[in-house]
Amino acid sequence: MRYALITGASSGIGLELAHIMAREGHHLILSARNILALEELANTLRSSHAIEVHVIPCDLSDSRSAITLHKAIKERNLTIDCLVNNAGFGLLGEFKDMEEDMLHRMIELNCSSLMSLSRLFMDDLIASKGRILNIASVAAFYSGPLMSVYYATKAFVVSFSEALNFELRNLGVSVTAHCPGPTHSNFQERAGMHNATLFKLLPVPSSKTVAEHAYTAMMKRKSLAIHGLINRLMLITGSISPRSMKVRMVHAFQSSKS
């Protein structure tokens with residue numbers, strides 16, 4: 001029996017992906033920091049679907065935590081055929097005012113753990129001709145004043161995912177970089193951006209809507225998937241705009257004082 005591992009499964013897009021994948025018959029391994037939320041979700045999924053669900057809490061913003069999670073899964077003699085790297089966070093504000101520890105944790109969670117889990121489970125994924133779904137962001141295609149490090153981490157996710165997908169194409173493993181725009185979830189509260197102009201000017205989809213799109217893209221083995229017509233149009237417009245203009249635009253969108 002093979003499982004899908006979902007990180008950041010306790011809320012937002014990760015939680016919705018867990019519901020969708022359970023509905024579609026995937027056995028699940030759920031990981032996040034909030035063990036109570038994970039256990040509640042696991043009980044709901046077990047009672048609603050004929051699947052097995054394992055809960056392994058882990059804070060992937062801690063260095064080497066990916067190794068700990070991999071070890072815990074292997075100690076239970078579990079193998080995976082699907083890796084969903086969903087866990088991530090961002091912070092809104094001037095770089096000079098950010099706590100250095102939080103910046104390192106952001107890079108660890110958004111980039112290092114994602115990369116490590118992909119490598120650690122590679123044997124499982126090759127054996128099963130499996131799938132990796134990396135939740136990135138349309139932020140990957142811009143420079144992001146007021147969220148400079150977050151935008152840079154998502155650029156890493158897209159670049160890494162596309163390259164890895166190409167490397168693994170003849171081994172039957174697909175890597176999908178899914179890029180949503182602003183989404184209703186607890187991400188905005190943690191980032192401190194729930195009052196930002198961006199969320200007042202644009203229609204913001206639900207986590208469920210975004211998760212359905214991400215799941216479909218993964219199952220179709222797409223390399224890159226951009227959610228939402230507005231996001232796709234903005235990226236097309238952005239591709240022909242001067243970089244200096246794009247930086248000003250992103251700053252205006254994110255600033256709650258614009």
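**The nonpolar core and its surroundings**

Mentor: In the largest nonpolar core, which has 44 residues, Leu5, Ile29, Leu69 and Ile73 are the ones that touch the most other members; such a core is a set of buried Ala, Val, Leu, Ile, Met, Phe, Trp, Tyr and Cys residues joined through side-chain atoms within 4.5 Å, where buried means under 20% relative accessible area with a 1.4 Å probe, protein chains only. Two or more residues each are given to this core by strand S1 (2-7), helix H3 (65-75), strand S4 (79-85), helix H4 (100-120), helix H5 (122-128), helix H6 (148-167) and strand S6 (174-179), these being DSSP runs numbered from the N terminus, with helices (H or I) of at least four residues and strands (E) of at least two. H6 supplies the largest share of this core, 7 residues. Apart from this core lies another, of 28 residues, among them Ile13, Met21, Val84 and Ile135.

This is a predicted model, in which local features need pLDDT of at least 70 and side-chain atom pairs count only at pLDDT 80 or more, while totals for chains, interfaces and linings use all residues. Residues are numbered from 1 along each chain as its sequence is written, and side-chain values use heavy atoms, leaving out hydrogens and water.

Returning to Ile29, and not counting residues up to four places away in sequence, this residue touches Tyr3, Ala4, Leu5, Ile6, His54, Ile56, Ile73, Leu78 and Ile80, contact meaning heavy atoms within 4.5 Å.

Definitions and conventions. Buried means under 20% relative accessible area, exposed over 50%, partly exposed in between (1.4 Å probe, protein chains only).
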